[in-house]
Amino acid sequence: MSKPRVFSGMRPSGKLHIGNWLGALTNMVELQASYDCIYAAVDVHALTTDDGGSPESLRENVNEMVLDWLAAGIDPKESTVFVQSAVPEVMVLHTLLSMMTPLGWLLRVPTFKDKVRQMDATEESVGYGLVGYPVLMTSDIILYKADTVPVGEDQVPHIELAREIVRRFNSRYGDTFPEPQAKLTEVPLVVGLDGQAKMSKTLDNHVELAAAPEETKKKILTAFTDPERLRKSDPGRPWVCNVYALHKYFTPDQTDEIYEQCTQGTRGCVDCKGILADGVNARLADLRDKRRDLEKHPDYVQDILLDGANRAKEIARATLEEVQEKMGLSRANLERK
Ligand code: TRP
């Protein structure tokens with residue numbers, strides 16, 4: 001029996017941070033053991049919000065993100081790693097699926113409404129591509145006939161929509177695609193250094209995976225802690241402290257001690273942040289070594305992405321050929337001899 005297939009896409013946001021790592025990347029690495037994994041840097045999705053990034057920065061962001069993936073342990077021999085736009089068949093499938101996707105379904109997707117609000121736009125002023133975001137995501141998944149999609153809670157409505165589209169396609173044109181299943185990953189919500197709900201690059205409350213150890217320390221020293229603890233001797237409240245929250249991931253065998261010292265006012269916040277920084281630096285040392293090594297070999301990384309695109313393309317062309325056949329479209333561009 002072949003392994004079930006996982007597809008996952010990540011928008012290219014450049015260098016990843018420890019929140020991305022704990023929340024998604026470590027899971028992607030682990031899934032490789034039991035699934036046939038296809039991982040794409042979804043650069044076309046990045047264009048849906050048209051946030052003024054330049055073409056150079058888009059390419060750069062893809063590259064930086066892929067370096068983090070590989071450094072973190074995504075193994076290109078095990079998994080197919082590629083850039084979405086390198087397999088343009090996905091855009092063809094997107095167009096075809098858009099014919100059977102009612103606009104109402106798309107306008108109701110909560111992430112669409114959120115994005116419109118975030119962009120200070122209206123449903124009428126945003127690009128057509130943003131409305132179709134979940135259709136493109138469906139195309140990503142089903143082009144490779146993936147049955148399992150590891151996602152966080154926020155993406156569940158997209159997978160629901162993908163299932164609806166698949167059901168439509170299958171009932172209209174015959175059984176073609178498996179209905180993809182969301183595999184909810186227990187995503188620890190990593191709080192920002194400033195205590196905001198989420199670690200994020202835009203809020204600049206993050207620690208980059210690729211940062212140098214000194215830089216990591218400097219950044220962590222800026223973190224907010226319990227705002228009511230003014231002096232070292234004040235008893236702290238680790239349960240409201242974001243630095244303590246990070247200790248749980250990076251210095252698990254010291255958390256009990258830290259909890260005690262904090263609540264008893266025997267260890268100060270600066271000291272505590274120093275321990276965290278050491279823990280983060282220790283945990284990321286191998287990843288950082290590997291990344292530095294990969295940075296020295298840009299051709300090697302490009303070869304991995306080319307090889308991934310070729311592997312993905314093979315599957316994509318076969319699926320599209322089947323789809324075009326079933327829909328009564330020409331397959332002349334795809335037919336393989
Ligand atoms: N929408 C996903 C996100 O923002 C990214 C994505 C694009 C994706 N295509 C996908 C995720 C396919 C899983 C499967 O996180």
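In which helix is Asn170 found? I looked this up and found Asn170 in helix H9, helices being DSSP runs of H or I with at least four residues and strands runs of E with at least two, numbered from the N terminus.

I note that this is a predicted model, in which local features need pLDDT of at least 70, side-chain atom pairs count only at pLDDT 80 or more, and totals for chains, interfaces and linings use all residues. Residues are numbered from 1 along each chain as its sequence is written, and side-chain values use heavy atoms, with hydrogens and water left out.

I then checked the burial of Asn170, which counts as buried because its relative accessibility is 13% (buried is under 20% relative accessible area, exposed over 50%, partly exposed in between, with a 1.4 Å probe and protein chains only). Setting aside neighbours within four places in sequence, I found Asn170 in contact with Asp175, Thr176 and Phe177 (contact means heavy atoms within 4.5 Å).

Next I turned to H14, residues 298-326, whose 29 residues reach 41 Å from first C-alpha to last, close to the 42 Å expected at 1.5 Å a residue (the expected span is 1.5 Å times one less than the number of residues). Among its buried residues I listed Val301, Ile304, Leu305, Gly308 and Ala312, and the cover over the buried residues of H14 includes helix H9 (156-173), helix H13 (269-295) and strand S3 (80-83). Just after H14, I saw that Gly328 takes a positive phi of about 80°.
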